[in-house]
Amino acid sequence: PAPLLPAPPLFHTGAHVMPLTIIIGAQWGDEGKGHITDRLAQDAAVVARYSGGDNAGHTVTIGGEVFKLHLIPSGIIHRGVVCLIGNGAVVNPVVMLREMDALAARGLDVGPARLRLSGGAHLITPGHIAMDRAHERERGRGAIGTTLRGIGPAYTDKARRIGLRAELLANPAALAAALVDHLAAKNEVLVKVYGEPPLDADALLADYAAQAARLAPHLVDGPVLLDEALARGETVLAEGAQGTLLDLDHGTYPFVTSSSPTAGGAITGLGVGPRHVDRVIGVAKAFTTRVGGGPFPTELDGEAATRLRGTGENPWDEFGTTTGRPRRVGWLDLPILRHARRVNSLSELVLTKLDILSGLAEIPVGVAYDVDGRRRADFPTDLSALARCRPVYETLPGWREDITGARRPSDLPANARRYVDFVAEHTGAPISYVSVGPGREQFIELGDRD
Ligand code: IMP
């Protein structure tokens, strides 16, 4: 029989328990969450992905070496950290194995002791990917601009209660039977509704059987793994993907992803109760970006946009990690950050890429919206209301200095510090870290977070 777990620490005594920290994107994704996750993972026992799939792209730069991950939590780079893909995520086995192989080729341990897949996560199949493509084509000019990774259709099947859960990977006969039904249903729609060729079921079954054999040893009951870690007093880091404004409930619907990247999604996605949560860290760029369609009040074009986007030569330039698409860029929008603070109960903000603003004489910051002559301070997620919002800017003085070498708050020029303070003041969220470059050490810890 399994040994009894040690009794969990008692919350009501006020005893300090090592907690769950949630890292979420405060904008439309691509805020640099991998960067701060990498930093905090140094002190964590478990790093867990709670929503989304390989639509995400996390770039972590260590000693000049760039790691691009889509699915596997970026904690994998730290030896000794257990990485978990939780129930709320959707997993394409092909992608998971490809990333495992690439990491293993760089000498990283991706064995079952280090990389765990919760049985309640859902699987993505080529059928989902084909449907994603067909849906986008059908939307025409109103396309969402999805990453075409099958994310929406996989979550649709989950909600329809016809999804394929990862636990099937341990049961070849049940997996084959489920795949036969799944492909028959998808082919029916692909052929009859969308006029697409059918998927080859035999080839897919063979592929899936081979992938299942490799992934089955990684299966685990995610909530149990996390409960045990928390009971031992270990720190768990919930690594967000995407961002608050891509949340199915709290984003710019329908221009969102099909999961819950917000803090609530971490709770349901991992199966850990909210009383474990100690910190909710919102990661925001010092300006704003978005990929795909949908509203973007402070969006820029022309030279100003090119200036913020970069050329694509550097790993941190604004081109999608997953799709390579140039990102849409604009000035910082504080109503968005206030929205993120509210729906995630952020304990703090991390402001990334402050260095990109160096050299600008003046930096406009969106502080509110003008709606038909009236000022509005909050971010409406109703698209018709949002369409009438014109950003109201306050212009802050810029700084000339290169800040990529700054490591302490006092290394920042006065105007850079003023910019950071302005964001904290106008969002009500203290800023705990500022990043000034893609390197692991290019961080400034600002201290107080409460
Ligand atoms: P999907 O998640 O592939 O269905 O895409 C839905 C929307 O979310 C599209 O606008 C995508 O560009 C966007 N999206 C999905 N994942 C990410 C991400 O990791 N970063 C930024 N945008 C994303």
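**Arg388 and beyond**

Modeller: Arg388 counts as partly exposed because its relative accessibility is 42%. Buried means under 20% relative accessible area, exposed over 50%, and partly exposed in between, with a 1.4 Å probe and protein chains only.

Colleague: What should I know about the source?

Modeller: This is a predicted model, where local features need pLDDT of at least 70, side-chain atom pairs count only at pLDDT 80 or more, and totals for chains, interfaces and linings use all residues. Residues are numbered from 1 along each chain as its sequence is written, and side-chain values use heavy atoms, with hydrogens and water left out.

Colleague: Where is Arg388 found?

Modeller: Arg388 is in the loop between helix H11 (383–387) and strand S17 (389–397). Helices (H or I, at least four residues) and strands (E, at least two) are DSSP runs, numbered from the N terminus.

Colleague: Which residues does Arg388 touch?

Modeller: Not counting residues up to four places away in sequence, Arg388 touches Asp370, Val371 and Asp372. Contact means heavy atoms within 4.5 Å. The side chains of Arg388 and Asp372 are joined by a polar contact of 2.9 Å. A polar contact is a pair of N or O atoms within 3.5 Å; within protein, one must be able to donate a hydrogen and the other to accept it, and residues adjacent in sequence count only if both atoms are side-chain atoms.

Colleague: Switching to the ligand. How many residues surround it?

Modeller: 17 residues surround the ligand, and the closest are Asp30, Asn55, Thr147, Thr257 and Arg325. The cut-off is a heavy atom within 4 Å.

Colleague: Which N or O atoms sit by the ligand's oxygens?

Modeller: One is in the side chain of Thr147, 2.6 Å from a ligand oxygen. A side-chain N or O atom of Thr257 is also 2.6 Å from an oxygen atom of the ligand. A polar backbone atom of Val291 is 3.2 Å from a ligand oxygen.

Colleague: And how much of the ligand does the protein bury?

Modeller: The protein buries 97% of the 470 Å² that the ligand exposes when taken alone. Those areas come from the Shrake-Rupley method with a 1.4 Å probe; for residues, only the protein chains shown count as cover.

Colleague: Now helix H1. Why is it largely enclosed?

Modeller: Eight of the nine residues of H1 (residues 33–41) are buried, so the rest of the structure largely encloses the helix. Among the buried ones are Lys33, His35 and Asp38.
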